[in-house]
Amino acid sequence: INLRGQEYVAGSLAQVVTLEPRDAHRYTRLLWIDTVTHLPLKLDVLNEEGQSVEQMLFTTINTQAEISSKDLEPSSRATSGISHISHRESRPVGELQWTLKKVPEGFQIISYSLFKKPPAVTPVEHILLSDGFSSVSVYIEKNGGLVKTGAYRMGSTNVVITMLGKHSITVMGEVPQKTVEVIADGLEQKPSGR
């Protein structure tokens with residue numbers, strides 16, 4: 001963590017803080033923090049080449065006005081359109097039938113769950129890894145058909161899709177491509193009966 005001086009953002013003086021990774025498995029993040037309210041006013045995520053891949057910025061902010069309770073209520077109510085959301089079931093990590101042999105230092109399993117993706121009847125397994133700041137999701141789906149494998153980038157999110165036996169594996173996160181590839185390469189199914 002390094003301080004990089006102060007700049008004005010949204011009309012407020014902000015302290016620029018750099019969060020630099022110790023290895024090549026995470027992105028650098030720059031935060032502009034209001035010196036009075038300590039609210040983050042700007043965030044910039046830099047990839048391995050130091051290029052901005054994601055940015056969030058307030059152009060105006062008013063922390064003086066009172067906010068009424070009514071203004072904090074949702075503007076719309078969920079309706080029957082929610083039927084496409086699948087049921088998610090959290091499971092103990094000990095029930096996991098997979099091992100992750102190549103996880104970058106600092107990352108650990110945060111949760112393990114199963115969910116159904118209609119119209120499929122076979123549940124998809126989801127493993128969430130985090131180092132406390134960055135997170136990576138691993139989706140494991142039994143799939144007898146063809147899956148388009150490869151590596152993809154969507155803004156700051158990197159994705160690797162691969163096949164392991166009859167399972168399609170998708171590893172994705174707001175981390176460098178190298179990180180999702182290492183995790184995908186280290187995934188193995190535990191032998192039956194264990």
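Tutor: Here are some questions about the whole chain and then about one residue. This is a predicted model, where local features need pLDDT of at least 70, side-chain atom pairs count only at pLDDT 80 or more, and totals for chains, interfaces and linings use all residues. Residues are numbered from 1 along each chain as its sequence is written, and side-chain values use heavy atoms, leaving out hydrogens and water.

Student: What makes up the protein chain in helices and strands?

Tutor: The protein chain has one helix and 14 strands; these are DSSP runs, H or I over at least four residues for helices and E over at least two for strands, numbered from the N terminus.

Student: Why is the protein chain called more spread out than a compact globule?

Tutor: The globule rule is 2.2 Å times the number of residues to the power 0.38, with the radius of gyration taken over C-alpha atoms. For 194 residues the rule gives 16 Å, but the radius of gyration is 21 Å, well over that, so the chain is more spread out than a compact globule.

Student: Where is G132, and is G132 buried or exposed?

Tutor: G132 sits in the loop between β9 (124–130) and β10 (135–142). Buried means under 20% relative accessible area, exposed over 50%, and partly exposed in between (1.4 Å probe, protein chains only). G132 has 69%, so G132 is exposed.
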